[in-house]
Amino acid sequence: MNIVEILKKDVETHPVLRSQWLLERNVSMSFDDLILWLSQEYFVSIGFVDWFLLVAAKTRDQNAKIVLVENIWGELGEGNIADTHVSILIEFLTKLNFDFANHQLLSETKTYLDKMESIIEKGFFYGLGALGPANEYLLKLEYSQISEAYKKLKTAMALPEGKFFQVNLDADEGHSQRMFELIEETAKTEESKKQVIEGNLLALVAREDFYKGLSRLDKERLTKV
């Protein structure tokens, strides 16, 4: 297997895609579940652009910087504030009557964000693994599950169109492919390949913390009932 095949397999077979919270929502997702997931993904969307900037700053390879900045530019709506991924999510949450005044970052989500920065801090190739396969490619697989659950929920409730999901799914398809190409172009030595693979695995484990937080709230709700 070449490095891209290894990375894709590591993502596709990782337990994070079979987390208890995700599996249960594939069967049935409530409105509260949707709001909870979106509210925490909001903080990830903010951190996402920062992560790409941090990785871009860790290389002198101008071609690599171009790819990473192009990705950031796409996340930032190509200069249109209304089209940034964060703005689209805010608009979506607003249509869902989300209470921004009491918006809280779960401790497990913070742990995930902190771990991602620590992985990127290890070096450029660790960062490529954390951002390409373990984010762009992983999110495509995650978002498709949440998007399908949203469609089911929409048949039972009056909900807005899921533009947020479609924008992210469309973007992640192209972005993940370009990141894989960048990894192939830059990770030429055994050590650099090893670091990309490790960065991917570390970021996948870190993403599990995100779902641990959602599962914890599930258990707390059941305890109160």
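Glu78 counts as exposed, because its relative accessibility is 59%, where exposed means over 50% relative accessible area, buried under 20% and partly exposed in between, with a 1.4 Å probe and protein chains only. This is a predicted model, in which local features need pLDDT of at least 70 and side-chain atom pairs count only at pLDDT 80 or more, while totals for chains, interfaces and linings use all residues. Residues are numbered from 1 along each chain as its sequence is written, and side-chain values use heavy atoms, with hydrogens and water left out.

**Loop residues with positive phi**

- Most residues other than glycine have a negative phi.
- Glu78, although not a glycine, has a positive phi of about 50°, and it is found in the loop between helix H4 (62-75) and helix H5 (85-95), helices being DSSP runs of H or I with at least four residues, numbered from the N terminus.
- Asn97, also not a glycine, has a positive phi of about 60°; Asn97 lies in the loop between H5 and H6 and is exposed, with a relative accessible area of 68%.

**Packing of H3 and H6**

- The axes of helix H3 (residues 31-56) and helix H6 (residues 107-121), which are lines fitted to C-alpha atoms over the stretch in contact, come within 11 Å and cross at roughly 10°, on a scale from 0 to 180 degrees between N-to-C directions.
- That angle makes H3 roughly parallel to H6, a term for angles under 35 degrees.
- The contact, meaning heavy atoms within 4.5 Å, involves H3 residues including Phe43 and Trp51 and H6 residues including Tyr112 and Met116.

Notes: Helices (H or I, at least four residues) and strands (E, at least two) are DSSP runs, numbered from the N terminus. Angles under 35 degrees count as roughly parallel, over 145 as roughly antiparallel, 65 to 115 as roughly perpendicular and the rest as oblique.
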